[in-house]
Amino acid sequence: MAEYPRYAGELSEAELLARIFPRLGSGKALLGPGDDAALLAAPDGRAAISIDTLVQDQDFRLEWPGGYRTTGYDVGWKCAAQNLSDINAMGAVPTSLVVSLTLPPDTRLTWVEGLADGLSAALRALGAEDCVVAGGDLGRGEILVVTAAVTGDLRGRDPVLRSGSRPGDVVAVCGVLGHAAAGLALLDSPLGYGSLDAAERALAAAQSRPCPPLAAGPAAAKAGAHAMMDISDGVVRDAGRLASASGLRIDLNSAALLHEADQLQEVARRLGRNPMDWVLGGGEDHGLLAAFTPGESLPRGFRRIGSVMQAGRETGIGAGAVTVDGKVPSAAGWDHFAG
C-alpha cells in the first residue's frame, strides 16, 4: 500500500489543488476556479479592489517564542480578514477573493488544508458569506507567502475615501484598539502559551485571527461618513494618513483612549508594558477609523475618540499631524520598511 502523502512537495499542482478547492465552498461567481480567469458579476458597474500579502517571518511566525505554533487555519483566517477589512473601509460589501499561495515543498498537507479551511471559515464567521474564493495561483518557494486580492460591491453608494474629512468632524472608531498588539506581545514573550489564561488567549487570537466589523463599513457609508479607513498600522499612524489625505490634522482624546487601554491593563502589568502604547501604536485589529458630521448620532458600534481640526501656519501644526490632547504622542505605529 502506498504511503499517504504528508507534504505539499509529494503532490503535483493538480493534486494539491484538488485538496484545496473542495474546502473553499461554492459562491456566486459566474465562473469560479479551474479556468484561466474567474468571471464575476458587477451589478453596480464599479468594483472596489484591494490586495494584501502575508509573508512568513514578516507577518507571522510558524512557531512563537511562547510555544504557540501558527496553523494554516490561522493564516487563512488572517488573510481573509485583512483583505475584507480594506473593502469594508470603502463602505463596500466583499464579493470575491483570488489567492496566490507560495509553498515550500516540505509544507505539511494538513497545514495547506487548514489554510483553505481558515479562509472559508472567516468568510462565514465575519459576515462575508456571499464572498467567493474565485481562484488564484499556486507556486513553489523557499518560504510561505499568501497573497489575496479582494473585490467589493458598492451597491450604488459612493465610496468613502480617506480624503473627505472636514474641520470639526468627529473622529470615531469601530472595533477594538490594541488587542492584536497585546496578543503579539504575548505570543512573542517567554511566558509560554500554555500558561496564558482565557483572556490572554483571546488577545493572542486577536493577533492570529482578527475580527474586522464588516457590517460597520456599509453602515457608516449609509450614515454619511465623510472619510474612513481600515486601522491596520495603529490608530496614530492611520489617523495621520486620514488627516493628510484631507489636508487637515486630528486631535485624539486621552480620556477616550484611556478607556480603550483599561481593557489591557492586566496583561500589560504582567508583561511590564504600557497599554497605551498598544492602543496608539498597535495595528492589525482591522477596525475602522471614520470622520462624521458633529452633532449627529454615530452608527452602531462607533465611539468618539477625537476631532478633525484645521492645520497650517495659524495653528502651528501641519497637515497630517496627530496629537493627543494637543501633544504629539510617542507611539508611531507600524511601518513595513522602518529600521
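Glu 260 lies in helix 8 (residues 254–262). At 3% relative accessibility, Glu 260 counts as buried (under 20% relative accessible area, with exposed over 50% and partly exposed in between; 1.4 Å probe, protein chains only). Leaving out residues up to four places away in sequence, Glu 260 touches Val 173, Leu 177, Val 279 and Arg 303; contact means heavy atoms within 4.5 Å.

This is a predicted model: local features need pLDDT of at least 70, side-chain atom pairs count only at pLDDT 80 or more, and totals for chains, interfaces and linings use all residues. Residues are numbered from 1 along each chain as its sequence is written, and side-chain values use heavy atoms, without hydrogens and water.

**The sheet**

- Four strands form an open sheet in the order 1-4-2-3, with mixed pairing. Strands are DSSP runs (E, at least two residues), as are helices (H or I, at least four), numbered from the N terminus. Two strands pair if DSSP finds at least two bridges between them.
- Strand 1 (48–55) and strand 3 (132–140) are the edge strands; each has a single partner, so one side of each lacks a neighbour in the sheet.
- From one strand to the next, the twist averages 15°.
- Strand 1 runs antiparallel to strand 4 (residues 145–153), joined by eight bridges. Ala 48 stands opposite Gly 152 in strand 4.

**Helices on the sheet**

- Helix 2 packs on the sheet and touches strand 1, strand 2 (93–103) and strand 4; its direction makes about 150° with that of strand 1.
- Helix 3 also packs on the sheet, touching strand 2, strand 3 and strand 4; its direction makes about 170° with that of strand 2.
- Angles run from 0 to 180 degrees between N-to-C directions, and axes are lines fitted to C-alpha atoms, for helices over the stretch in contact.

**Helix 2 with helix 3**

- Helix 2 (residues 72–88) and helix 3 (residues 109–125) pack at about 40°, their axes 6 Å apart. That makes helix 2 oblique to helix 3 (under 35 degrees is roughly parallel, over 145 roughly antiparallel, 65 to 115 roughly perpendicular, the rest oblique).
- The contact includes Trp 77 and Leu 84 of helix 2, and Trp 111 and Asp 117 of helix 3.

**Helix 4 with helix 5**

- Helix 4 (residues 179–187) packs against helix 5 (residues 198–208) at an angle of about 105°, with axes 7 Å apart. Helix 4 is therefore roughly perpendicular to helix 5.
- Among the contact residues are His 179 and Leu 187 of helix 4, and Glu 200 and Gln 207 of helix 5.
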